[in-house]
Amino acid sequence: MHRLWHDNIDRGLSSHTKNTISKYTGNKVVKMAATGYNPAFSLINAFRDSQSIILNSDVYSDFIIKSSFQIIRDASIGIRELVKHDRNMDSLLKKYLEYGGSMEWLSQQSMFDTKKTMGKIVDNSVTNKGTKILKYIFGKVNTLNKYSEMMFRLGVFNSKIFGIK
């Protein structure tokens, strides 16, 4: 489904060619710095997503103050469901994914791959302890960004599917 919807030029360029272009133009590094491992992204993204949802969704009140409280409520539901999922508990995320709400291809396109060129450079220039520290820090930032990206989606999904106003 993803290929049909988002990767419509597969006939023109192979995945290998697109990855090579992305690598040598610096696009992957820019994506890593802008989203995947940027702690400020979660704040900027949360603000942007919440405003977009309030203005464009029929789930929330037309009264801005009321809709702001509704989206905060739903974001907290989304966070709770993400925590449940991370703890391998049954969560709303499973139903969200069943309905086609998967976003991992977006969040993973800027992930730091230790087997690729940039990963090899870091592995060769940073000590094992330094690598562990960096992986821990980047992992926490990436989790924060994932929550920022998914909390509103899960909240809106919850309100829409259960008819909460």
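Which residues do ring pairs link into a cluster? Ring pairs join Y96, Y99 and F157.

1. **Basis.** This is a predicted model, in which local features need pLDDT of at least 70, side-chain atom pairs count only at pLDDT 80 or more, and totals for chains, interfaces and linings use all residues. Residues are numbered from 1 along each chain as its sequence is written, and side-chain values use heavy atoms, with hydrogens and water left out.

2. **Overall make-up.** The protein has 9 helices and 0 strands. Helices (H or I, at least four residues) and strands (E, at least two) are DSSP runs, numbered from the N terminus. Of the 165 residues, 30% are buried; buried means under 20% relative accessible area, exposed over 50%, and partly exposed in between, with a 1.4 Å probe and protein chains only.

3. **Contacts.** Among contacts in the protein with a separation of 6 or more, 69% come from residues 24 or more positions apart. A contact means heavy atoms within 4.5 Å.

4. **Aromatic pairs.** The whole structure holds 2 aromatic pairs. One of them is Y96 with F157, an edge-to-face pair at 5.3 Å centre to centre and 80 degrees between the planes. Y96 belongs to helix α6 (residues 92–98) and F157 to helix α9 (residues 128–162), so this pair ties together parts that are 61 residues apart in sequence. Rings of Phe, Tyr and Trp (its six-membered ring) pair if their centres lie within 6.5 Å; planes under 30 degrees apart count as stacked, over 60 as edge-to-face and the rest as tilted. Y96 is buried at 9% relative accessible area, and F157 is buried at 14%.

5. **Helix α5.** Helix α5 (residues 64–86) has 23 residues and spans 32 Å from its first C-alpha to its last, close to the expected 33 Å. The expected span is 1.5 Å times one less than the number of residues. Its buried residues include I71, A75, I77 and L82, and the buried residues of α5 pack against α4 (39–56), α6 and α9. After α5 comes N88, which has a positive phi near 60 degrees.

6. **Surface patch.** F63, I65, F69 and I72 make a nonpolar surface patch with about 470 Å² of accessible area together. Patch residues have over 30% relative accessible area and no salt bridge; like charges are joined within 9 Å, nonpolar side chains (Val, Leu, Ile, Met, Phe, Trp, Tyr) within 5 Å. A salt bridge is a side-chain nitrogen of Lys or Arg within 4 Å of a carboxyl oxygen of Asp or Glu. Areas come from the Shrake-Rupley method with a 1.4 Å probe; for residues, only the protein chains shown count as cover. F69 lies in helix α5 and is exposed, at 60% relative accessible area.
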